[in-house]
Amino acid sequence: MSDSSGLPPDLFDRLTLSVVKSLEKRPGVSDICLKEIPAAERHLVLSWEQRNSCILPDDLKRFYLTSNGFHLQWCVKFEDQPFHLGLMEINPIEKVAKLAGRRNTSNLPSLADVDYNTDDDDETEYLSHGRKQPHFDLRSRVFELDPCNGYGKTCLVYNNTTQGVPATDSDIWFLDRSLHWHFIADTFSQYFRLMIMNLGLPLWHFTLTDIGLPNHAQVGIKNVLDE
């Protein structure tokens, strides 16, 4: 679902500036690195839409026309040495790669093989919030927005897609390493705010799932970051 309010450049700048100032005020935080990234050229955005037969939601499109991606990393001092802790990242438009939604034309295994159901979809396959989870076959088109430092992937998902028809309705999901889906946000703007609020802390996506933040992550963060 697109967000007509979008993420205008001034709001993007305010959110970015606020998180940097918040981190600067926290004891022990060091080496805050915010990459300056120029806007994506409009033809790259249009080319992505044409190539993938998907219309980007308005807020995500405005984001890329303001900054072609996002990367903010920060450290904490641990025994007088900088230790990488927080990472906030959004892929540039050219790296918003398609993870699912292709026809498998070979005999090799693919993610589509994870979907055991036929087109007669099992109506019981709903998450706790009532949303039908994405598929790895042609029923969904899935694109990576954030590699999540290797512990999963934040994805832009278009569900109930039809071959030959441009997809328009999308939302944001988290795919963990066991290939389980977790709904995160209706819009990119909502997801960006959540990322900022959580400061890019390790495994923060799991706080929005029924799994929750693993105990070792809670202990580690508590030990190195003064709340």
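I took a disulfide to be a pair of cysteine sulfur atoms within 2.5 Å.

I note that this is a predicted model, in which local features need pLDDT of at least 70, side-chain atom pairs count only at pLDDT 80 or more, and totals for chains, interfaces and linings use all residues. Residues are numbered from 1 along each chain as its sequence is written, and side-chain values use heavy atoms, with hydrogens and water left out.

**Cysteines.** I counted 0 disulfides under this rule. For Cys33, I found the closest cysteine sulfur in Cys75, at 9.0 Å, which is too far for a bond. Cys148 is likewise in no disulfide, and the nearest cysteine sulfur, that of Cys155, is 7.9 Å away.

I then looked up exposure, where buried means under 20% relative accessible area, exposed over 50%, and partly exposed in between (1.4 Å probe, protein chains only). Cys33 is partly exposed at 40%, while Cys148 is buried at 3%.

**Aromatic rings.** I paired rings of Phe, Tyr and Trp (its six-membered ring) if their centres lie within 6.5 Å, with planes under 30 degrees apart counted as stacked, over 60 as edge-to-face and the rest as tilted. The count comes to 14 aromatic pairs. Phe63 is buried, with a relative accessible area of 1%, and Tyr64 is buried at 0%. Ring pairs join Phe63 and Tyr64 with Phe70, Phe188 and Phe192 in a cluster.

**Charge over a ring.** I required NZ of Lys or CZ of Arg within 6 Å of the ring centre and within 35 degrees of the ring normal. Arg131 lies over the face of Phe183, 4.1 Å from the ring centre.
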